[in-house]
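Hi,

Here is the structure I promised to pass on. Have a look at it first, and then read my notes below.

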Amino acid sequence: MIKKILPFLILSILVVLLYIPIFNNFFQQDEWSAFAEIYLSGYDNYIFKALIPDPGHYVPFTRILFAVLTYFFKFNYFNWAMVSIVWHILNSYLVFHLAKKMFKEDWQAVFSGILFAVFASGQQATSWVVANGSTQGATTLVLLSLIYFLEAKLFLSILMLILSMLFKEIAIGMFAFYPILILFQNYFAKKRLFDKRMIYFVAVALFYVVFRYLTFLGIFSDITAPVVTESQSQSEILFNIATFPIKGISQTFIPPYVFLETSKFIADKLPDGIAGAPGTTYFDNFYLKYILSLLTNIVFGFTVLISIFAIKYKKRNLAVIALLSLLFVGANSAIYALSPGRSGFVPIIDSRNLYMPSIGMIFFIVSIASLFKNWKWSAATLSIFVVFNMLITRIELQGISEVGKNRLNILNQISRDNLKLKDRQIFYIESDTSYYGLPDAVKILPFQSGFGQTLLVWFNDYENFPIEFFDNAYLWPIDSQGYKEIDGRGFGYFRDFDLLKDTIKEYNLPVESVVAYSWDSKQEKLVNITNEIRLKLKSVKK
């Protein structure tokens, strides 16, 4: 009994200790928009709308789960983080269970589970709690699909695969991977290469593609959603689809964080005439487009050379696992090239999108390390990978938690200062810094979406704003400003004083309706400057 639960206990302890910093994190971006949509639609209608196919992401399980968790947890971030951590523990254990069916030795399965538990490349799927419902949920079902496939339970395997795409449509590459896996199985079993299992996977894949194409045409509803063709040209889409498997393999073998920091370091050592001055747009474009791309290709070439070495080695079983593992990573990386909202040639894959492909890279690493004749050398090599990934993951989590603490402190301070909002309320907040790649002139708070909408959602529980405030993504864009009045209630947010001044005049608002703050990024401090701004507005009105 102890032997059976020991791996689960080890994985649980590792994940909890490693991911403790996320309890200091806070909601980041998409969740604020989703909260607003729930307030606009109501829980019942939000869940009903989740079932209606739309041309963007059709992920009803994710939306239903988000509604349920929001209903029970609201802004209690600790509970959200606990769900994310428990889910990651479950997936780590499923990786261990899958590895037991693939490898001959128990230590190989144990290291597989441990590596997934600490792997840095996909940490965002756990640290960003809203990503957990979609990415972690889809990954759970893909792991179950693989386990059932190896147990020759084909119906359950296909069912799990279909259900996974109702969490997030990241497993479409599995419909290409499974026929390849079947070919390998039949070849080494000296059977006919093609069998009816391939037909089942291809048939389901075709059905799904037709279904999504019909949703894109608006056959099932008139819902509109962003699609990749709105932000990328055809050549850009094709280029990203072709290169994402290479990036997926490289950026799971070496975490994206390491690629980014190394690329910046190298660019910083180059003359400004070549790389540009650090902190400029030219510098950022240079290290992303040239240095990072070069490093990505070098690492990819290295993994290919390792694979060739493994194929020539005598341990055929390990070589086959290594090769199939790389194919798994590649097949499940290309789909992210179709993510809407990103433009141009994408140099790096978001960490959360590497969560599922990381499974293949982990099996690749374990199979290659297992080529040593002495298992102790294998264990030592894998231990280095474990420690390296733990360090990188912890570095990233610490940085994320610092930003999360700042966000929560800002919201709590504004809440304490404004226990009851006025019927017509405006928040004006200055900042000394631009964040997240915005132009230097656009100085905002360290929030990845519009802070005006964040304040609307944050105060709504006890202010009960008219639901129209949450329509049409009001104040959602990261650089948004504005004021709106509905049924005698007004709410606005500004960071530009001239726009604030003009709005006060246009709506004939009293200066007492304005509450103002200033953000000092160096001291990470929010200062109340309400009296100063009100006096300034009064002098302008005169």
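**Salt bridges**

R63 and E37 form a salt bridge, and their closest N and O atoms are 2.9 Å apart. E37 counts as partly exposed because its relative accessibility is 24%, and the cut-off for buried is under 20%. Before you read on, do keep in mind that this is a predicted model.

Another bridge runs between K74 and D461, with 3.3 Å between the closest N and O atoms. This one also links distant parts of the chain: K74 is in the loop between helix 4 and helix 5 (77-102), D461 is in helix 19 (residues 451-463), and the two are 387 residues apart. How accessible are the two partners? K74 has a relative accessible area of 25%, so it is partly exposed. D461 is partly exposed too, at 38% relative accessibility.

Then there is E151 with K153, whose side chains meet in a salt bridge at 3.4 Å, N to O. Shared partners join K101, E151 and K153 into one salt-bridge network. E151 is partly exposed at a relative accessible area of 29%, and K153 is partly exposed at 39%. Altogether, the count of salt bridges comes to 14.

**Helix packing**

Take helix 1 (residues 2-19) and helix 6 (residues 106-118): they pack with their axes 9 Å apart, at an angle of about 25°. Angles under 35 degrees count as roughly parallel, so helix 1 and helix 6 are roughly parallel to each other. Their crossing is right-handed. On the helix 1 side the contact involves K3, I10, L11, L14, V15, L18 and Y19, which meet D106, G113, I114, A117 and V118 of helix 6. Sorted by class, the contact of helix 1 with helix 6 has nine nonpolar residues, one polar and two charged.

The other pair is helix 12 (residues 234-253) with helix 16 (residues 316-331), where the axes are 7 Å apart and the angle is about 120°. Roughly parallel, or oblique? That angle makes helix 12 oblique to helix 16. Helix 12 passes helix 16 in a right-handed crossing. Here P245, G248, I249 and T252 from helix 12 meet L326, V329 and G330 from helix 16. This contact of helix 12 with helix 16 divides into four nonpolar and three polar residues, with no charged ones.

**Two single residues**

Is S127 buried or exposed? S127 is buried, because its relative accessible area is 0%. You will find S127 in helix 7 (residues 124-127). Apart from its neighbours within four places in sequence, S127 is in contact with Y19, I22, N25, Q28, Y77, L397 and I400.

G301 sits in helix 15 (residues 281-312). Its relative accessibility is 28%, so G301 counts as partly exposed. The C-alpha atoms of G301 and I246 are separated by 9.2 Å, with the two residues 55 apart along the chain.

Cheers

Note on methods: Residues are numbered from 1 along each chain as its sequence is written. This is a predicted model: local features need pLDDT of at least 70, side-chain atom pairs count only at pLDDT 80 or more; totals for chains, interfaces and linings use all residues. Side-chain values use heavy atoms; hydrogens and water are left out. A salt bridge is a side-chain nitrogen of Lys or Arg within 4 Å of a carboxyl oxygen of Asp or Glu. Buried means under 20% relative accessible area, exposed over 50%, partly exposed in between (1.4 Å probe, protein chains only). Helices (H or I, at least four residues) and strands (E, at least two) are DSSP runs, numbered from the N terminus. Axes are lines fitted to C-alpha atoms, for helices over the stretch in contact, and angles run from 0 to 180 degrees between N-to-C directions. Angles under 35 degrees count as roughly parallel, over 145 as roughly antiparallel, 65 to 115 as roughly perpendicular and the rest as oblique. A crossing is left-handed if the near helix is turned anticlockwise from the far one by less than a right angle, and right-handed if clockwise. Contact means heavy atoms within 4.5 Å. Ala, Val, Leu, Ile, Met, Phe, Trp, Tyr, Cys and Pro count as nonpolar, Asp, Glu, Lys and Arg as charged, and the others, Gly among them, as polar.
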